[in-house]
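Subject: Structure for you to look at

Hello,

Please find the structure below. My notes on what was found in it follow directly after.

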Amino acid sequence: MPAVQRSDGSSDGIGTVAQGSGDRSRIVVTGKGGVGKTTLAALLARTLARRGQTVLAVDADAQMNLAWALGMPPSEAAAIVPLSDNADYVEEKTGARPGSGWGMLLRLNPQADDAVERFSVRAPDGVRLLVMGSLHQAAAGCLCPENTLLAGAMAAIALRPGELILMDTQAGLEHFGRALARGFGQALVVTDPSFNGVSVALRTAHLAADLGIPTVHLVVNRVRGPKDVDRVEGYLHGADAGTRPAFASRHLLPEDERVLVAEPAVDGLLDGMVSPFGAAVSDLADSLALIARGVG
Ligand SMILES: Nc1ncnc2c1ncn2[C@@H]1O[C@H](COP(=O)(O)OP(=O)(O)OP(=O)(O)O)[C@@H](O)[C@H]1O
Ligand SMILES: [Mg+2]
């Protein structure tokens, strides 16, 4: 059984390695509600952009709060029209207006490779932000025009060397989140040190593997000390050995009051000297970038 590598280099031999061919420059952030996905996605995006990467941050959460977390001025954040609400664009690309898709013949796989150019906005540190908008979750596999467009747009974005996508999702990787994350090569499965968080993380890791995402990392956020680490270890080892997912690496992010002080933006966390959370995210950014370049 292959070993799981932790961020500190140690390993414990849990799980089996997922197979997949996704692009490792496409990174999806997922996990239970409220565990810190948006905070992490925003801080990673800004940290990587400061290191010279071209970063496209994608907000695939209907709450659409990534713009705030990235530190965009409130007036600019409020003015963003999500891709799903661009009715003309949806019609142009799919042949149907938003809200009208049921029973209509849609153009599947719309060529929406211009979505980034036309609809992304500029966030601090040069991060580009594309806000997907609210998704129709009424049924798995729903063919409404917005969903078709959003999945098509995601799949059509071509990346050059040095470019990365970081996608923030709503809790879990259910229904449409899965369509969006197809072709992604790294997943950050975020949990807090709770039983529920770890349970969702285990399920989510399986979903990610089923999607063919080859590199799935476990990120334990809001760690207050060694007892939290032991607790999470216990939950992981308590999971049925045969069904334990593989995690390519594990990362621990500390509970840090500065995260709450900095809200809603991550600006106050970018200097790793003053924020333990920022310092840990900086290390995580390094390893993600290495893997994206094929050297991790
Ligand atoms: N390491 C941390 N230390 C202290 N507070 C944190 C930490 N990480 C996140 N938080 C706080 O936890 C709350 C939830 O964070 P966030 O919105 O990023 O979670 P989320 O997973 O995106 O939530 P949702 O599922 O609702 O989208 C926020 O108030 C955030 O400031
Ligand atoms: Mg969020």
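Arg-222 is buried, as 21 other C-beta atoms lie within 10 Å of its own. (Buried stands for 20 or more other C-beta atoms within 10 Å, exposed for 12 or fewer, and partly exposed for the range in between, with C-beta atoms placed from the backbone.) Arg-222 sits in strand S7, and its phi is near 65°, a positive value in a residue other than glycine. Helices (H or I, at least four residues) and strands (E, at least two) are DSSP runs numbered from the N terminus.

This is a predicted model, in which local features need pLDDT of at least 70 and side-chain atom pairs count only at pLDDT 80 or more, while totals for chains, interfaces and linings use all residues. Residues are numbered from 1 along each chain as its sequence is written, and chains are lettered from A and ligands numbered from 1 in the order in which they are written.

Asp-125 also has a positive phi, about 65°, without being a glycine. Asp-125 lies in the loop between strand S3 (121-122) and strand S4 (128-131) and is partly exposed, with 17 C-beta neighbours inside 10 Å.

Overall, the protein has eleven helices and eight strands. Of its 296 residues, 51% count as buried.

Around ligand 1 there are 19 residues, of which Gly-33, Gly-36, Lys-37, Thr-38 and Thr-39 come nearest. (A residue is near a molecule if its C-beta atom, placed from the backbone, lies within 6 Å of it.) Two or more residues of this shell come from each of helix H1 (37-50), strand S7 (215-223) and helix H10 (257-262). H1 gives the most, with three residues.

H1 also packs against helix H11 (276-292). Their axes are 9 Å apart at an angle of about 65°, which makes H1 roughly perpendicular to H11. (Axes are lines fitted to C-alpha atoms over the stretch in contact, with angles from 0 to 180 degrees between N-to-C directions; under 35 degrees is roughly parallel, over 145 roughly antiparallel, 65 to 115 roughly perpendicular, and the rest oblique.) On the H1 side, Leu-40, Leu-43, Leu-44, Thr-47 and Leu-48 meet residues of H11, including Val-281, Leu-284 and Ala-285. Here contact stands for C-beta atoms, placed from the backbone, within 7 Å.

Finally, a cis peptide bond, with omega about 0°, joins Glu-263 and Pro-264. Pro-264 is in the loop between H10 and H11.

Regards

Note on methods. Contact = placed C-beta atoms within 7 Å.
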